[in-house]
Amino acid sequence: MPTTQTPLVPASSPARAVAGIVGSILVAAALTIIWIARLSVDRVLYVSGLGADGEPTARWFEAALLLLVAGGFSVAWAARGMRSTARLLAMWTPALSVAIASSLFLVASQVPCTTGCPLPVGDTFTWQDLIHTTVAVLAFALAAIAMLQTSFVKDRTALRTLSMIAGISTAVIAAAGGILSLLQFRTDIGSILELVATTVGMGWLAILGVATAHQQRVISSANDAVESTRTAISRPAARERALTGSLVTIGG
């Protein structure tokens with residue numbers, strides 16, 4: 001008797017769903033702290049300046065970065081296996097980009113810039129500022145790459161569109177703010193641009209965590225449907241086998 005084939009569905013992982021949600025909550029909490037800290041300051045200040053030596057918001061900023069790190073690692077673990085379909089962006093996964101960016105933010109949290117966050121050039125050069133500035137820039141760059149990688153994943157139309165918009169926006173806005181900082185021109189606008197880029201990047205990461213958790217629920221529902229189909233198919237077959245066995249016994 002021919003058997004009916006049921007579709008193959010990837011295995012779901014409740015742990016990944018939980019990790020995605022927890023990561024999103026941690027990132028959202030970190031972003032909330034950054035905004036509260038920034039609004040408490042009544043002068044021009046870049047985001048990194050919130051954690052500068054001597055700033056009253058330094059401890060809060062460190063806590064926000066640590067929450068971001070924990071949330072980033074959690075979302076990266078939940079989203080592992082997701083890969084871009086674009087050849088160049090598929091060299092490594094978005095999850096790896098997020099994990100490395102989170103590692104760099106961990107360094108930034110423990111090596112804050114000095115008072116005033118001066119550029120690490122000329123008379124204002126310090127290794128502390130150089131390390132902080134370098135890891136922060138690299139972390140932003142990797143976050144933007146992760147967004148672009150996610151914008152080319154398979155089937156996830158809404159997430160792809162959101163990631164493309166977020167990736168381009170973060171790269172352009174952060175670059176504009178960075179240039180104004182380097183030129184020491186309209187730093188008031190530059191600081192706002194950096195805060196906007198930070199908000200977009202962290203907001204995207206939180207959404208990625210929620211989207212990953214939702215995807216795991218979709219997979220779980222699909223698996224339940226497949227299992228129900230298999231059960232429905234197997235019951236008549238089992239009854240037929242039982243009936244056939246009974247007839248054989250009677251005939252024997």
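**View 1. The loop between H4 and H5, where Asp155 is found.** In this predicted model, Asp155 has a positive phi of about 75 degrees, although the residue is not a glycine. Most residues other than glycine have a negative phi. Asp155 counts as exposed because its relative accessibility is 62%, and the cut-off for exposed is over 50%.

**View 2. Cys117 in the loop between H3 and H4.** Cys117, which is likewise not a glycine, has a positive phi, here of about 45 degrees. With a relative accessibility of 23%, Cys117 counts as partly exposed, because that class lies between the limits of 20% and 50%.

**View 3. The largest nonpolar core, with its 42 residues.** The residues with the most contacts inside this core are Ile34, Leu50, Leu68, Met202, Trp204, Leu205 and Leu208. At least two residues of the core come from each of H1 (14-39), H2 (58-78), H3 (94-110), H4 (127-150), H5 (157-183) and H6 (187-251).

**View 4. Surroundings of Leu205, one of the residues with the most contacts inside the largest nonpolar core.** When neighbours within four places in sequence are left aside, Leu205 is in contact with Val27, Leu68, Gly72, Val75 and Val98.

**View 5. The whole chain, with six helices and zero strands.** Of the 252 residues of the chain, 41% count as buried, while the chain exposes about 13,800 Å², of which carbon and sulfur atoms supply 69%. Among contacts between residues at least 6 apart in sequence, 71% join residues that are at least 24 apart.

Technical notes:
Residues numbered from 1 in each chain as written. Predicted model: local features only at pLDDT ≥ 70, side-chain atom pairs only at ≥ 80, totals over all residues. Heavy atoms only, no water. Core = buried A, V, L, I, M, F, W, Y, C linked by side-chain atoms within 4.5 Å. Buried < 20%, exposed > 50% of the residue type's maximum accessible area, 1.4 Å probe, protein only. Helix = DSSP H or I, 4+ residues; strand = E, 2+ residues; numbered from the N terminus. Contact = heavy atoms within 4.5 Å. Areas by Shrake-Rupley, 256 points an atom, 1.4 Å probe, with all protein chains shown as cover.
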